Amino acid sequence: MSEKIKRFILPESEIPTQWYNIQADMVNKPMPPLNPATKQPLEPKDLYPIFAEELSRQELDQKNAWIDIPEEVREMYKYYRSTPLVRAYGLEKALGTPAHIYFKNESVSPVGSHKLNSALAQAYYCKKEGITNITTETGAGQWGAALSYAAKVFGLEAAVYQVKISYNQKPYRRSIMQTFGAQVTPSPSMSTRAGKDILTKDPNNQGSLGTAISEAVELAVSTPNCKYTLGSVLSHVTLHQTVIGLEAEKQMAMAGEYPDIVIGCFGGGSNFGGISFPFMRHNILEGKKTKFIAAEPASCPKLTHGVFQYDFGDVAGYTPLLPMFTLGHNFMPANIHAGGLRYHGAGVIVSQLLKDGYMSAVDIKQIESFEAGVLFAQAEGIIPAPESCHAIAAAINEANKCKESGEEKVILFNLSGHGLIDMAAYDQFLSGSLQNYEVTDEEVAKNLSELEKII
C-alpha cells in the first residue's frame, strides 16, 4: 500500500443497508433477560411499556443475522457517513513500532461521537410508532447530545437525566443538549421516586449511569405516550452501532489489510461491539484469529474484576434482570472524567462472548489513559474524548509489544468521539491534579455480597 494513502472513505452507495446481529451466529446464545417478579424469560411484549415495539423485537432477536436499516435512518447517516478509516502514521512514528495502526474516526458525526448511529434509529422507531416524548440517561453527555439531536430531527420531545458529576464537570455538553431543545436534569434528582430514595440515603450522591437509568425509566413508564431510549448496554443499541465495523471491514479491504487486533473502549459495550462484531463473525464462522480487546477504566472494571450473574441494569431495580459481568447495580464508581464508562455492568452479548473466549479485556488507569490521549493528539492532531483515550492506551500497549517482538501486526481501534468539550479534564491532567482510582477484587466481592443472588 502506498505510504501516501492515509484516509479511506466509502461512497454513499457503499454505506451499509443492514445492521449485523451477532446473536444469530453465536455458538452459545446469550442467556435470556428475566422478568424480576417471575424470574421467567422475557418476551418482546414484556418490553413494550418501556421501549418502542420494533426495538423490543430487535433486543431479543437471536435468529436474524441481518436487520434492514430503514431508509429514513440511512438518509440521515449520509450526513456524516461513511466516517473515515485513518492510518495513524504519526502515532506509529512516535512509538517507533512496526505495527500498522488504523482508527475509525467516529468523532466526525454532527454531535462528535458514535452515539448518533443508534440515536437516529431509536428516535425513528419511536416516531414511527406515534410516540411524542422520549427520555434517556447520559453520563459524559455524548449519548444525551446525540439523542437530543435525533429527537429534534424526528419531531420528538426529549428529557435527559445526566449523571450529576458529569452535569457539573461538563457544562457545555449540557448546553449542547439544551441547544437541541432537550430538558436536562442532573441525576439523582428530586423529580422521581428513585431519585428521592437515593438522595434520602445519600444527600451528596453524585450519581452514576445506574441512577440516571432508574430515573429515566420511571419517567417513561409514568408519562403518557413516552418511551425510554438507551445509549449502550442493550443488544439493540449495539446492533445499530455495527454500521461502524461494517464500514471498517470494507475500508480495511481498500487499504489492502485485515486487522490482527481490534480494540474499543468499554462502558456498556456499544462502541466496542460496533467496531468488533462485524469482524468477530469471521472468527465465529470461518475460524479467523483476530484478537478483540475491550479497554475499560480501572475504576469501573466489570469485565476484568466483575462477576457473571443476573443483575439489574439500574440502581432502583426497574430494569429486567440481565445475565452479565457486573460489579453490582449498587456500585458507585469514582468520579473519573470518562463519564461514559462509569457503568456497573456489561451487555449480555459481550458478557457471553467474554465467557466463551472470543474476546479479552484490559483495565486502564485514568492517568495512563490521558497520557495516551495527549500522545495521540500530538501525533495525529485530534484531541480524543476521555472514553476513547482508553482504547488508544490499549492500542499503544499492543503496538509496543510489536516493537519488542518485531512483529508487523495490524491494529484497528475505534475513536469513539473527540474531546473538545472535555478540556477541563485535560487541564487537570496537564496540571498534575488528576488522580488514579482502582477497584480491588475484595471491594467487588464485598459489594456483590450485599446483593440478592438470583443465580
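How many cavities of 30 Å³ or more does the count come to? The model is a predicted one, and in it the count comes to six cavities of 30 Å³ or more.

**Cavities and pockets**

The second largest cavity has a volume of about 180 Å³, and its lining is made up of 18 residues, among which Phe51, Leu234, Thr319, Pro320 and Leu322 lie nearest the centre of the cavity. Sorted by class, this lining holds 15 nonpolar, two polar and one charged residues.

The largest pocket contains about 260 Å³ of space. Its lining includes Ala194, Asp197, Ile198, Lys201, Asp202 and Asn205, and also Val315, Ala316, Asn330 and Met332. By class, the residues lining the largest pocket divide into five nonpolar, two polar and three charged.

**The four-stranded sheet**

An open sheet is formed by four strands, which follow one another in the order β8-β7-β6-β9 with parallel pairing. The edges are taken by β8 (183-187) and β9 (226-228), and because each of these has a single partner strand, one side of each is left without a neighbour in the sheet. On average, and with direction ignored, neighbouring strands of this sheet are turned by 20° against each other. Strands of a sheet pair through backbone hydrogen bonds, in either the parallel or the antiparallel sense. Here strand β6 (residues 133-138) is paired with β9 in the parallel sense over three bridges, and Ile134 stands opposite Lys227 in β9.

**Two helix contacts of α15**

Helix α15 (residues 366-380) packs against helix α17 (residues 423-430) and also against helix α16 (residues 386-405); the table sets out the geometry of the two contacts.

| Helix pair | Angle between axes | Distance between axes |
|---|---|---|
| α15 and α17 | about 105° | 11 Å |
| α15 and α16 | about 85° | 7 Å |

Angles of 65 to 115 degrees count as roughly perpendicular, and α15 and α17 are therefore roughly perpendicular to each other. In this contact Ile367, Phe370, Glu371, Gly373 and Val374 of α15 meet Ala425, Tyr426 and Phe429 of α17, a set that has six nonpolar, one polar and one charged residues.

With α16, α15 packs at an angle of about 85°, and that makes α15 roughly perpendicular to α16. From α15, the residues Glu368, Ser369, Phe370, Ala372, Gly373, Leu375 and Phe376 meet Pro386, Cys389, His390, Ile392, Ala393, Ile396 and Asn397 in α16. The residues of the contact between α15 and α16 divide into nine nonpolar, four polar and one charged.

**Backbone details in loops**

Where a cis peptide bond joins Arg81 and Ser82, omega is about 5°, and Ser82 has its place in the loop between α3 (71-77) and β4 (85-87). The peptide bond from Ser187 to Pro188 is also cis, with omega near 10°. Pro188 lies in the loop between β8 and α9 (193-201), and β8 is one of the edge strands of the sheet described above.

Lys39 is a residue other than glycine with a positive phi, the value being near 60°, and Lys39 is placed in the loop between β2 (18-20) and α1 (44-47).

Terms used
Residues numbered from 1 in each chain as written. Predicted model: local features only at pLDDT ≥ 70, side-chain atom pairs only at ≥ 80, totals over all residues. Heavy atoms only, no water. 1 Å grid on protein atoms, 1.4 Å probe; cavity = no way out; pocket = protein on both sides within 12 Å on 5 of 7 lines; lining within 4 Å. Points joined across faces, edges and corners; volume = space filled by probe spheres on them. Nonpolar A, V, L, I, M, F, W, Y, C, P; charged D, E, K, R; others polar. Pairing = 2+ DSSP bridges. Axes fitted to C-alpha atoms, helices over the stretch in contact; angles between N-to-C directions. Parallel < 35°, antiparallel > 145°, perpendicular 65-115°, else oblique. Contact = heavy atoms within 4.5 Å.
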